[in-house]
Amino acid sequence: MIRITDILDKIYEYSPDADLDIIDRAYIYSARVHEGQVRLSGEPYLSHPLEVASILADMRLDVESIAAALLHDVIEDTPATKEDIAQMFGPGVAHIVEGVTKLSALPFSTKIAQQAESLRKMILAMADDIRVILIKLADRVHNMRTLKYHRKPEKQAAIAQETLDIFAPIAARLGIFWMKHELEEIAFYYTLREEYERIDAMVNRARHEKEEYIKEVSTRLHYKMEEMELPCDIKGRYKQHYSIYQKMISQDLEFEEIYDVVAFRIILDTVPQCYGAMGGIHSMWKPIYNKIKDYIGNPKPNMYQSIHTTVIGPRGERVEIQI
Ligand code: MN
């Protein structure tokens, strides 16, 4: 179980002047009111708010958010009231905790896509403070990580479906892609287990075969960038199971037909360097017409910026590269 000192250390690292006292007090209070409560995992309930607070500390949120994360379930699950929280931790923290509590009362479970869309809108509108949403998302991440402890498969599937319909899209809207991906991967497993396992087996086989290929492409990219004096970081990564599944469904493809099971990512320091890198890659490998997307010139609505291109790589295979 994560300890409060680990969380305090994290916050101190990105915010040395932060008032850590409020976090300490929120921790002690939360421990007291949740005392005796147990998670389905058998762990003390307190492990849950601690994990949620830890996720938010990794995202470098402010102390009010972390304190509110430690207290996020106390209004719902203990005798504590909003007034108690306001008195002890100030109106800011109380307002956030109340916001998270209100969101829990929404009727999330829905099978209709249109309702999912309106629910997502309602959630975003209800939270006048973005920190409420961030806590709710971190709460869902930890609940998904511990979904295996639920005894009822129907309940697991329902929670996972709601995660796919509501929470993963909100994380994507906010540009928090690690969260979107993690939520989708776990939810995929609990909603469509057979498909998940089939893709998992194929990805593992491909991983074996593609190791050499990834090394070759990365090395050639490294040489090219060095030659052009563009300092960068290059990563070859496997597509998420869920993205592969979606592509197979939406384009009616077999696993073997998905060329970009591996995608490459080049990270540079400046915008001109990104365009320079694209030029270098296109002079080495022929780009595929219509596959160049310039999200630096045209950022996505969530401010995402990068250049995507697909080229014919060293083995005559398509290679997807994000710059
Ligand atoms: Mn919770």
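**Loops, helices and rings**

Biologist: Let's start with Glu229: buried or exposed?

Modeller: Glu229 is exposed, at 70% relative accessible area. The cut-offs are under 20% relative accessible area for buried, over 50% for exposed and in between for partly exposed, using a 1.4 Å probe and protein chains only. Keep in mind that this is a predicted model, where local features need pLDDT of at least 70 and side-chain atom pairs count only at pLDDT 80 or more, while totals for chains, interfaces and linings use all residues. Numbering runs from 1 along each chain as its sequence is written, and side-chain values use heavy atoms, with hydrogens and water left out.

Biologist: Where does Glu229 lie?

Modeller: In the loop between α11 and β1 (233-238). Helices here are DSSP runs of H or I with at least four residues, strands are runs of E with at least two, and both are numbered from the N terminus. Glu229 also has a positive phi of about 55 degrees, although it is not a glycine.

Biologist: OK, zoom out. How many helices and strands are in the protein?

Modeller: 13 helices and five strands. The C-alpha trace spans about 65 × 45 × 35 Å along its principal axes. Of the 323 residues, 49% are buried. Taking contacts (heavy atoms within 4.5 Å) between residues at least 6 apart in sequence, 66% join residues at least 24 apart.

Biologist: Pick me a helix. How many residues of α4 are buried?

Modeller: Seven of the eight, so α4 is largely enclosed by the rest of the structure. They are Val63, Ser65, Ile66, Ala67, Ala68, Ala69 and Leu70. These buried residues pack against α1 (4-14), α2, α3 (47-58), α6 and α8 (130-145).

Biologist: How do α2 and α4 pack?

Modeller: Helix α2 (residues 21-33) and helix α4 (residues 63-70) have axes 8 Å apart, at an angle of about 5 degrees. That makes α2 roughly parallel to α4. Axes are lines fitted to C-alpha atoms, for helices over the stretch in contact, and angles between N-to-C directions run from 0 to 180 degrees. Under 35 degrees counts as roughly parallel, over 145 as roughly antiparallel, 65 to 115 as roughly perpendicular and the rest as oblique.

Biologist: Which residues meet there?

Modeller: Ile22, Ile23, Ala26, Tyr27 and Ser30 from α2 meet Val63, Ile66, Ala67 and Leu70 from α4. By class, the contact of α2 with α4 has eight nonpolar residues, one polar and no charged. Ala, Val, Leu, Ile, Met, Phe, Trp, Tyr, Cys and Pro count as nonpolar, Asp, Glu, Lys and Arg as charged, and the others, Gly among them, as polar.

Biologist: And at what angle do α4 and α6 cross?

Modeller: Roughly 50 degrees, with the axes of α4 and helix α6 (residues 82-104) coming within 9 Å. That makes α4 oblique to α6. Glu64, Ala67 and Ala68 of α4 make the contact with Gly92, Val93, Ile96 and Val97 of α6. Here the classes come out as five nonpolar, one polar and one charged.

Biologist: Switching topic: how many aromatic pairs?

Modeller: Nine, where rings of Phe, Tyr and Trp (its six-membered ring) pair if their centres lie within 6.5 Å, and planes under 30 degrees apart count as stacked, over 60 as edge-to-face and the rest as tilted. Phe177 and Tyr304 have ring centres 5.7 Å apart and planes at 75 degrees, so that pair is edge-to-face. Phe177 sits in helix α10 (residues 177-191) and Tyr304 in the loop between β3 (293-294) and β4 (307-312), 127 residues apart. Phe177 is partly exposed, at 27%.

Biologist: What about Phe188 and Tyr245?

Modeller: Their pair is tilted, 4.9 Å centre to centre with 35 degrees between the planes. Phe188 is in helix α10 and Tyr245 in helix α12 (residues 241-250), 57 residues apart. Both Phe188 and Tyr245 are buried. Ring pairs also link Phe188, Tyr189, Tyr190, Tyr196, Tyr242 and Tyr245 into a cluster.

Biologist: And what covers the buried residues of α12?

Modeller: The cover includes α9 (153-173), α10 and α11 (193-227). Seven of the ten residues of α12 are buried, so α12 is largely enclosed by the rest of the structure.
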